[in-house]
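Let's go through some labels one at a time and check each against its cut-off. Have the sequence and the model open beside you.

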Amino acid sequence: MIFETHAHYDDEAYDNDREELLASMKKNGIGHIINVCATFDSVEKSIALTQKYDLMYSAIGIHPDDIEQFDDDKLGWLEERAKDEKCVAVGEIGLDYHYPEPGRELQKEWFEKQLFMAKRLDKPVIIHSRDAAEDTMKILLSKPMEGIRGVMHCYSYSVETAKELMKRDFMFGIGGVVTFKNARKLVEAVEYLPMDRLLLETDSPYLAPTPHRGERNSSLYIPLIAEKIAEIKGITAKEVIAVTEENASKLFGVAL
Ligand code: NI
């Protein structure tokens with residue numbers, strides 16, 4: 001079945017139909033979902049979802065957009081919450097230089113602190129990195145980060161960067177962007193990457209694949225992403241789904 005490795009079902013975009021939507025996942029072939037936290041507010045909401053739904057797991061961490069409220073007490077609290085038995089990763093954490101705020105030094109500080117948290121917890125990381133390839137790579141490939149494993153969510157960098165990341169235990173999350181008309185760079189990366197490094201994801205409610213681009217996204221659209229990867233790789237969508245499910249199971253330690 002499909003292993004959805006990145007969605008935000010605590011988002012208000014699902015307030016009107018969350019229950020029906022999540023109840024429909026299994027019969028539509030979605031076997032597991034990782035609900036990824038981004039804000040401090042999302043942590044308890046995400047844990048509550050994992051308690052309610054069997055197929056749901058959480059990733060706990062703070063997105064670079066929300067790190068201005070961080071302090072060491074909050075980090076201690078986050079680490080306790082991330083010990084939850086259905087929390088399978090630390091994330092999403094990283095760097096986002098698309099907008100000038102929050103400042104880059106502050107982003108780097110809390111990215112590194114959350115990476116060390118993942119190391120202490122011995123959990124993989126889910127990384128958000130936008131317009132920040134150089135600093136992201138510098139941090140991830142540094143000596144103190146040896147042993148860190150995880151996924152580059154919504155991978156958007158070059159084949160060259162992918163080669164560097166493959167020297168460490170990093171996987172690549174592929175979502176709706178691969179179906180977009182202007183996705184040439186990502187298509188090249190998918191062509192290059194071996195199947196055992198790929199994971200399926202949506203980033204719902206964002207980044208709905210073609211022909212739903214611009215609409216609210218959900219894990220039910222993952223077959224469209226799997227079909228596009230299958231086309232690039234010259235295999236079947238069924239194979240894409242099976243291999244990525246196995247990859248996710250291994251990385252996140254979730255039994256199938
Ligand atoms: Ni996300």
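Q: Where does D131 lie?
A: D131 lies in the loop between β5 (125–130) and α5 (133–140). Helices here are DSSP runs of H or I with at least four residues, strands are runs of E with at least two, and both are numbered from the N terminus. Before going further: this is a predicted model, so local features need pLDDT of at least 70 and side-chain atom pairs count only at pLDDT 80 or more, while totals for chains, interfaces and linings use all residues. Residues are numbered from 1 along each chain as its sequence is written, and side-chain values use heavy atoms, with hydrogens and water left out.

Q: Why does D131 count as partly exposed?
A: Buried means under 20% relative accessible area, exposed means over 50%, and partly exposed is in between (1.4 Å probe, protein chains only). D131 has 47% relative accessibility, so it counts as partly exposed.

Q: What makes the phi of D131 worth a remark?
A: Phi of D131 is near 55°, a positive value in a residue other than glycine. Most residues other than glycine have a negative phi. L207 also has phi near 55°; L207 is in the loop between β8 and α8, and with 29% relative accessibility L207 counts as partly exposed.

Q: How do you know which peptide bonds to call cis?
A: Look at omega: the bond joining E101 and P102 is cis with omega about -15°, and the bond from T210 to P211 is cis with omega near 5°. Most peptide bonds are trans. P102 is found in the loop between β4 (87–96) and α4 (104–121), and P211 in the loop between β8 (198–200) and α8 (222–233).

Q: What is D96 in contact with, and what makes something a contact?
A: Contact means heavy atoms within 4.5 Å. Leaving aside neighbours within four places in sequence, D96 is in contact with H63, P64, D65, Q107, H128 and R130. The C-alpha atoms of D96 and T136 are separated by 9.5 Å, though the two residues are 40 residues apart along the chain.

Q: Why is the F40 and F70 pair called edge-to-face?
A: Rings of Phe, Tyr and Trp (its six-membered ring) pair if their centres lie within 6.5 Å; planes under 30 degrees apart count as stacked, over 60 as edge-to-face and the rest as tilted. F40 and F70 are 5.1 Å centre to centre with 80° between the planes, which makes an edge-to-face pair. F40 lies in the loop between β2 (30–36) and α2 (42–52) and F70 in the loop between β3 (56–59) and α3 (72–81), so the pair ties together parts that are 30 residues apart in sequence. F40 and F70 are both buried.

Q: What about the rings of Y155 and Y157?
A: Their centres are 6.1 Å apart and their planes at 85°, so that pair is edge-to-face too. Y155 is buried, as is Y157. By this rule the count comes to 7 aromatic pairs, and ring pairs link F40, F70, W77 and W110 into a cluster.

Q: How do you know that a charge sits over a ring?
A: NZ of Lys or CZ of Arg has to be within 6 Å of the ring centre and within 35 degrees of the ring normal. The charged end of K74 sits over the ring of F40, 5.6 Å from its centre, and K113 lies over the face of W110 at 4.4 Å from the ring centre.

Q: What makes a set of residues a nonpolar core?
A: They must be buried Ala, Val, Leu, Ile, Met, Phe, Trp, Tyr and Cys residues joined through side-chain atoms within 4.5 Å. The largest nonpolar core has 70 residues, and those with the most contacts inside it are Y9, I33, L115, V125 and Y155. A second, separate core of 15 residues includes V36, I126, L251 and V254.

Q: Why does the chain's radius of gyration agree with a compact globule?
A: The radius is taken over C-alpha atoms, and the globule rule is 2.2 Å times the number of residues to the power 0.38. With 256 residues, that rule gives a value near 18 Å, and the chain has 17 Å, which agrees. Buried residues make up 57% of the chain's 256 residues.
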